[in-house]
Amino acid sequence: MESELTWRKSSRSGSSGGSCVELAGAKDCVAVRDSKDPDGPVLLVPRPALRAALRGPAGR
């Protein structure tokens with residue numbers, strides 16, 4: 001599956017390769033990896049969980 005993914009890094013990421021992550025859309029989830037270690041581990045996050053995490057705590 002990983003070889004089929006199109007990885008994207010934030011346009012706000014600097015060219016120095018600092019602390020960045022890359023995201024790739026998969027069928028039922030979003031794949032996340034460390035941009036400095038593209039051959040390293042990949043975290044698969046269900047889309048609803050990622051949306052909830054990005055929204056922050058309820059009531060904000």
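Me: How many disulfides does a search of the whole structure find?

Reply: A disulfide is a covalent bond between the sulfur atoms of two cysteines. Here the cut-off is a pair of cysteine sulfur atoms within 2.5 Å, and the whole-structure search comes back with zero. Bear in mind that this is a predicted model, where local features need pLDDT of at least 70, side-chain atom pairs count only at pLDDT 80 or more, and totals for chains, interfaces and linings use all residues. Residues are numbered from 1 along each chain as its sequence is written, and side-chain values use heavy atoms, leaving out hydrogens and water.

Me: Okay, and is Cys20 buried or exposed?

Reply: Buried means under 20% relative accessible area, exposed over 50%, partly exposed in between (1.4 Å probe, protein chains only). Cys20 is buried, at 13%, and Cys29 counts as buried at 13% too. Across the protein, buried residues are 23% of the 60.

Me: In what order do the elements run from the N terminus?

Reply: Helices (H or I, at least four residues) and strands (E, at least two) are DSSP runs, numbered from the N terminus. This protein has four strands and one helix, in the order β-β-β-β-α.

Me: Where is Glu22 found, and which side chain does it join in a polar contact?

Reply: Glu22 sits in strand β2, residues 21-25, and counts as buried at 12% relative accessibility. A polar contact is a pair of N or O atoms within 3.5 Å; within protein, one must be able to donate a hydrogen and the other to accept it, and residues adjacent in sequence count only if both atoms are side-chain atoms. The side chains of Glu22 and Arg33 make one of 2.7 Å.
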